[in-house]
Amino acid sequence: MRAIRRFFRPSRDWWRDVRNRKLADPDFQRSAANFALTRPFARRSSRRLFDLVAGFVYSQALTAAVELELFTVLSRGPRTLPEVAVAAGLTQDACERLLRALQSIDLVEIDDSGEETTYALAALGAALVANPGATAMIRHHKDLYQDLSDPVALLRGRHSETRLAKLWPYAAEAKGQPPADANVAAYTDLMAASQDLVADEILSAYDLSWAKRMLDLGGGDGRFLRKVAAAHPDIELHLFDLPPVAAIARERIGDTRFGRRIIVHEGDFFTDLYPDRFDLISLVRIIHDHEDAEAVRLLTRARDALTPGGVVVVAEPMAGSADSAAVADAYFGFYLMAMGRGRPRRPSEIAGLMNAAGLQRVHRIPTALPIATSIMIGEIPRRNVRFT
Ligand SMILES: C[S@@+](CC[C@H](N)C(=O)[O-])C[C@H]1O[C@@H](n2cnc3c(N)ncnc32)[C@H](O)[C@@H]1O
């Protein structure tokens, strides 16, 4: 196998070298754009390059539209320019500029076939209206946008305190700062807003119905466990999170029909005792917040809290597939750097951490939307059974 790889590598390197030299040649680019057969590729590649160069402007147009509640206005049906401008509190000129920008990035459709031009949601705009999690992220990205204003300083660790480090108190706490309650509520809401999609993915990809007693570590406001409770009426459910988050979870769960079914525990999952032993322990969007040594410590504690035959489920966006690389490696890579802790990982890296924590038969469960979450499972043997 190694010999085959050695045989192919020089030729692969050679091809890449030839291709890159050609693509870097302006004459080649010009003739590719002029020649009918290569023109579609040339156009696609220059469009993709431009999208990378200008993507931050698209995001700012999107932010303006969300802040001005423009998608909500258009979700009620097509509107004329004066109607949208009044609703958004903009001059007609500014509003038209924004609407045209949104049309160019497939969020709005403009219909000028009738007497009066009207503006409506395009398919992508309609999808956004149906996804409150995405809207919450867009609003939150104002902070991330500021933190990324000098990406090189961030990469070199030579930046002043980031907004994200302030928002995520448990990341800042590691640097000796106490968590502020307002920030705890803000990040808990943000997580809750994007949890439904993740929970649906987990529940449709992995059958939890065998479990009798489940613990969700770092369970936030309990949105995930409420979905589990609705889908599996017989599982006893426990949530564990930091005291201020547990207080929010208690209040929110208490207001629902699951008030008695989900038991909320507060504490530090690195140092405090877990409330009992469980046959299923989930860590949803937790491991990527932590460096390797912390992650292994947490997974080891989870393993120690399993009953024989028990299972640990790790669910979060993971790097390594074409579908999820941009969200994991680019988005979370930089997001977590701005937050000050953690890293996105490939499934094989998470498997390595789970193995290091003594979990066995570690494997991946495929999900339909890896951009929302991937899933890794690790087990401990039943008594008297040894996994080979
Ligand atoms: C990224 S959020 C994920 C929340 C939830 N699992 C979800 O997917 O929506 C991380 C959670 O871990 C909790 N957490 C962080 N450090 C913790 C610690 N040392 N002990 C207990 N919970 C902790 C946070 O309060 C937060 O609720």
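A: Asp106 sits in the loop that runs between α6 (92–104) and β2 (108–111). Helices and strands here are DSSP runs, numbered from the N terminus: helices are H or I over at least four residues, strands are E over at least two. The model is a predicted one, in which local features need pLDDT of at least 70 and side-chain atom pairs count only at pLDDT 80 or more, while totals for chains, interfaces and linings use all residues. Residue numbers start from 1 along each chain as its sequence is written.

Asp106 has a phi near 70°, a positive value in a residue that is not glycine. Asp106 counts as exposed because it has 11 other C-beta atoms within 10 Å. The scale is as follows: 20 or more other C-beta atoms within 10 Å of a residue's own make it buried, 12 or fewer make it exposed, and anything in between is partly exposed, with C-beta atoms placed from the backbone.

Two strands are called paired if DSSP finds at least two bridges between them. β1 and β3 (residues 118–121) pair in the antiparallel sense over 2 bridges, and Arg79 is opposite Tyr119 in β3. In general, strands of a sheet pair through backbone hydrogen bonds, either parallel or antiparallel.

Contact requires that the C-beta atoms of two residues, placed from the backbone, lie within 7 Å.

Elsewhere, Arg361 also has a positive phi, of about 45°, although it is not a glycine. Arg361 lies in strand β9 (residues 360–365), and it is partly exposed because it has 13 C-beta neighbours inside 10 Å.

As for the whole protein, its secondary structure comes to 18 helices and 10 strands. The C-alpha trace spans about 70 × 65 × 40 Å along its principal axes. Of the 388 residues, 29% are buried. Among contacts between residues at least 6 apart in sequence, 64% join residues at least 24 apart.
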